[in-house]
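Please examine the sequence and the structure shown below. The briefing that follows is arranged by topic for a reader new to the subject.

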Amino acid sequence: DGHTALPPDELAVLADRFSIPPESVRTALGELAVRRTIIRDQQLIYPPPLYDAEVRLAHDLAAQIRRPLKPVRREALSVPEVREALDRLNAKQRAAVEATMTAGVVVMTGGPGTGKTTTVLALVRLHQAAGHKVLLAAPTGRAARRLSEATKHPASTIHRLLDWSPRIQRFSRDRSSPLDADL
């Protein structure tokens, strides 16, 4: 179902669908953990590659959060395009935009029609007015086009932005070859 880890009891319930008794699952999990075929961490069972990926991601996010930011001059808030974009926001949206002025990482979520695109428009305007280089990306081409149309700022797919190579099955943009952007 797309999970990277599951609690042992949930694995036992899933195994029961295949008539595997819960005791057998618990025994097998213990043996697999000893052989490091699985990783047992904080009451979750992981395949080792996914556990390693999650640990690396957590470390990378922590480093990104601590990374010094290029400051946003307060004067940028008075630029007419920025003022206009900010005036359209509710309190939560405004807080999200303001968080991008001080936080190394900001996560914005919400279903369709909750104002994510309007919020992104305001933060693009603010950071452009502050002289920051902004790159936008979305999971699909259609979403990237919508983002670009809504913000009047170029957007690409994540794969294109990170320069995915199908031939070698890797992104060419990574820690050793970072994107040239402030946001």
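**Briefing on the predicted model**

Ile-65 belongs to helix H3, which covers residues 48-66; helices (H or I, at least four residues) and strands (E, at least two) are DSSP runs, numbered from the N terminus. This is a predicted model, in which local features need pLDDT of at least 70, side-chain atom pairs count only at pLDDT 80 or more, and totals for chains, interfaces and linings use all residues. Residues are numbered from 1 along each chain as its sequence is written, and side-chain values use heavy atoms, with hydrogens and water left out.

**Surface patch**

- Ile-65 counts as exposed because its relative accessibility is 53%; buried means under 20% relative accessible area, exposed over 50%, and partly exposed in between (1.4 Å probe, protein chains only).
- Together with Leu-57 and Leu-61, Ile-65 forms a nonpolar surface patch with about 280 Å² of accessible area.
- Patches are made of residues with over 30% relative accessible area and no salt bridge, where like charges are joined within 9 Å and nonpolar side chains (Val, Leu, Ile, Met, Phe, Trp, Tyr) within 5 Å.
- Accessible areas come from the Shrake-Rupley method with a 1.4 Å probe, and for residues only the protein chains shown count as cover.

**Salt bridges**

- Side chains of opposite charge can pair when their charged atoms come close.
- The structure holds eight salt bridges, each a side-chain nitrogen of Lys or Arg within 4 Å of a carboxyl oxygen of Asp or Glu.
- One of them joins Asp-182 to Lys-70, with the closest N and O atoms 3.4 Å apart.
- This pair links distant parts of the chain, 112 residues apart: Asp-182 is in the segment after strand S6 (170-171), and Lys-70 is in the loop between H3 and helix H4 (80-87).
- Asp-182 is partly exposed at a relative accessible area of 29%, and Lys-70 is partly exposed at 43%.
- Another salt bridge brings together the side chains of Lys-133 and Asp-180 (3.2 Å, N to O).
- Lys-133 lies in the loop between helix H6 (116-129) and strand S3 (136-138) and Asp-180 in the segment after S6, so the pair ties together parts that are 47 residues apart in sequence.
- Lys-133 is partly exposed, with a relative accessible area of 39%, whereas Asp-180 counts as exposed at 54% relative accessibility.

**Nonpolar cores**

- A nonpolar core is a set of buried Ala, Val, Leu, Ile, Met, Phe, Trp, Tyr and Cys residues joined through side-chain atoms within 4.5 Å.
- The largest nonpolar core has 18 residues, and among the members that touch the most others are Val-72, Leu-86, Val-97 and Leu-126.
- Helices H4 and H6 each supply at least two residues of this core, and H6 gives the most, with five residues.
- Leu-126 is in contact (heavy atoms within 4.5 Å) with Val-72, Ala-76, Leu-77, Val-82, Val-97 and Met-101, not counting residues up to four places away in sequence.
- Another core, of six residues, lies apart from this one, and its members include Ala-15, Leu-29, Ile-38 and Ile-45.

**Positive phi angles**

- Most residues other than glycine have a negative phi, and most peptide bonds are trans.
- Lys-152 is not a glycine, yet has a positive phi of about 55 degrees; Lys-152 is placed in the loop between helix H7 (141-151) and strand S4 (155-157).
- Gln-169, also not a glycine, has a positive phi of about 55 degrees and lies in the loop between strand S5 (164-165) and S6.
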